[in-house]
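Hi,

Here is the structure I promised to pass on. Have a look at it first, and then read my notes below.

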Amino acid sequence: MIASDSHEVSQLNELKIDLDAISVIAHYHANSDILMDEQMPIYGGYAGGLEETAIVDVATSINAFVMSGASWHLDGPIHIRWGSTNTRETLAIAGWASAAVTNNTDFLMGNQYYPCAGPCTEMCFLELAAQAITDSASGREILSGVASAKGVALNKTTGMEARMMGEVARAAAGVDITEVNKILDKLVGSYEKSYGSAPSGKTFQECYDVKTITPTDEHVSVYEQAKKKLEGFGLVFK
Amino acid sequence: MAYKKSIDAYEFYNRAKVGEKCTQDDWDLMHIPMKAMEIKQRYGLNFKGEFIPTDADMADKLFKAGFDMLLESGIFVTDTQRIVKYTADEIWDSIRNPMPEFQLGTGRDAVTVKKRQVGDKRGPIIQGGPTGAPVSEDVFCALHTSYALEKEVDTIVNGVMATIRGLPPAPGTPAEILAAKTEGRTIKLATAIAGRPGMAI
C-alpha cells in the first residue's frame, strides 16, 4: 500500500479503543498515510434506541478526528437483530448523523453496506439502493460496499452491487430531502418484512463468467428489474 | 482554558495510563446507555420517522448531543480499563482543523475527496468491494477485478481471504500476516488487470 491508499483503524463499540490501535494510528501518521477511522454503532446494542445510537454515532464520528486524526470516518450503523445496515432504523441513524455532522463540521464521512440478501437478487439491489439514497442525500462523501448477504457468506459479493450503489447515489444527489424521505419510506417498506427470509443469492462464480469477468445475462436482468422498481418508487436515474 | 497542545496518539496514550478507572461492564452496560438516554432527554431529540432531517435545528441538536456525549464520557481504553477525557477546546481544535480534502490513488486513476452538503448535486465517491466479506483464494483476484472494471467505482475496499495457501488466516498467526499482505498485492494486481493501476485501495 502507498500513502494515498486508505489505511484503516477501527474504534470499538461503543466509544472504546485498545492501545494496539493507538500505535497503529502513530504508524500511519509517521508515514503521512491517508487514515480511515472505522466504526459501526449498533442499533439495539449498548446505546439502546434510535436517537441514543445516533448520539453515539455522532460522538464516534467526532472522535475519529480527535483521537485518530483521521482523513475520513467510515460509519456503518448496524441492526443488532438483522446484522444489516439497510433497515429503517439504521438508515435513519446514518441519515441523521450524517446531516448533523455535515451541517456543523468539514469532516469527510463515509458509510459501509451490509444488506441481508445476496447477489443476483432484487432484494439485495433494493436494500443497497435505500442506503445509497440515504448516504448521497445526507451529504456523505464516500460510499463503501457492498458486503452482500451481510458480508458473511463466501464469495457472495460482486461488482454489480457497486455499480448500483454508484448509479443510485448519482440519481439521489440534489433531490429535495422531503421527496427523498418519501421515496425511502416506500422503498424500505417494500423489503423490510423479508429480513428473516432474505434470499441468500448466488456466488460470484454463479453471477459472472470468471474467465472474462462478465456478469451473466441473469445478473444483468435482475439489475434492470431492480432499477425499474426504483423508478416506480420515484427515483429518476441520470 | 486553552489547551496545551493538540491531541495526538502520544497524548492519548499518556492519558490512557492515568485516566479514571472503570470496568468494561460498567462502561458498556451502565455508562453508555444511561448517558445516551440523559443527553437525548436534554435536547428533546425525536426523529419523527424521517430518514434524513428536514428540521435543521433538530439536526444541530443531535450534533450538540454527540459533542456532549464525547465530552462528558470520553473514550474507554480496554487495555488499561481507564477513561481518556478531552476538554471542549481540544475537541473544537479537531473540528476546526480537519483535512479539507485529499486524494485517493495516483495518476489518471486518482480521485479527490471533497466536502459535500446535505442535498448536494455532486455525487459521492464510490468505493467498491466486498467490504470485509470472505473470498476464496481461487477467485480473489477476479472478484476484485469485477469492481475495478466498473466505471462507477472510484476506489476499492477489499474482501478478506478465506484461506492463504490453504491455511486459515487466524489472528496472531503467520498466516494472518501472509493473507493481509497477499490481499493488498492481489487487489493492486486486480486494478492493474482492469487497466486502472493507480486506483486506491
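**A helix to start with**

Let's begin in chain B, with helix H2 (residues 24-43): its 20 residues reach 27 Å from the first C-alpha to the last, close to the 28 Å expected at 1.5 Å a residue. Bear in mind throughout that this is a predicted model.

H2(B) isn't quite straight, though. There is a bend of about 35° at His31(B), and a proline, Pro33(B), comes along within four residues.

Which residues of H2(B) are buried? They are Trp27(B), His31(B), Ile32(B), Lys35(B), Ala36(B), Ile39(B) and Lys40(B).

**Where the chains meet**

That brings us to the contact between the chains. Chain B puts 89 residues into it and chain A puts in 92. On the chain B side, helix H3 (residues 56-73) gives the largest share, with 11 residues. Sorted by type, the chain B side has 54 nonpolar, 21 polar and 14 charged residues.

Take the open sheet of 4 strands, which has mixed pairing and the order S2(A)-S2(B)-S3(B)-S1(B). At its edges stand S2 of chain A and strand S1 (20-21) of chain B, each with a single partner strand, so one side of each has no neighbour in the sheet. Strand S2 (residues 16-17) of chain A runs parallel to strand S2 (residues 75-77) of chain B, and 2 bridges join them. In those bridges Lys16(A) partners Phe76(B), while Ile17(A) partners Val77(B).

There is also an open sheet of 7 strands, with parallel pairing, that goes S1(A)-S3(A)-S5(A)-S7(A)-S8(A)-S6(B)-S8(B). Its edge strands are strand S1 (6-10) of chain A and strand S8 (155-156) of chain B, and each pairs on one side only. S1(A) is joined by 5 bridges to strand S3 (residues 34-38) of chain A, and the two run parallel. Within S3(A), Glu38(A) is the residue opposite Ser10(A).

**Chain A as a whole**

Chain A has 8 helices and 10 strands. Its radius of gyration is 18 Å, close to the 18 Å that the globule rule gives for 238 residues, so chain A is as compact as a globular protein of that length. The C-alpha trace of chain A spans about 50 × 45 × 35 Å along its principal axes, and 66% of the 238 residues count as buried. Of the contacts in chain A with a separation of 6 or more, 78% are between residues 24 or more positions apart.

Why does Val175(A) count as partly exposed? It has 18 C-beta neighbours inside 10 Å, and being buried would take 20 or more. Beyond its neighbours within four places in sequence, Val175(A) is in contact with Ala137(A) and Val180(A).

Cheers

Conventions: Residues numbered from 1 in each chain as written. Chains lettered and ligands numbered in written order. Predicted model: local features only at pLDDT ≥ 70, side-chain atom pairs only at ≥ 80, totals over all residues. Contact = placed C-beta atoms within 7 Å. Nonpolar A, V, L, I, M, F, W, Y, C, P; charged D, E, K, R; others polar. Pairing = 2+ DSSP bridges. Rg over C-alpha atoms; globule rule 2.2 N^0.38 Å. Buried ≥ 20, exposed ≤ 12 C-beta atoms within 10 Å, placed from the backbone. Expected span 1.5 Å × (residues − 1). Bend = angle between axes of the 7 residues up to and from the residue.
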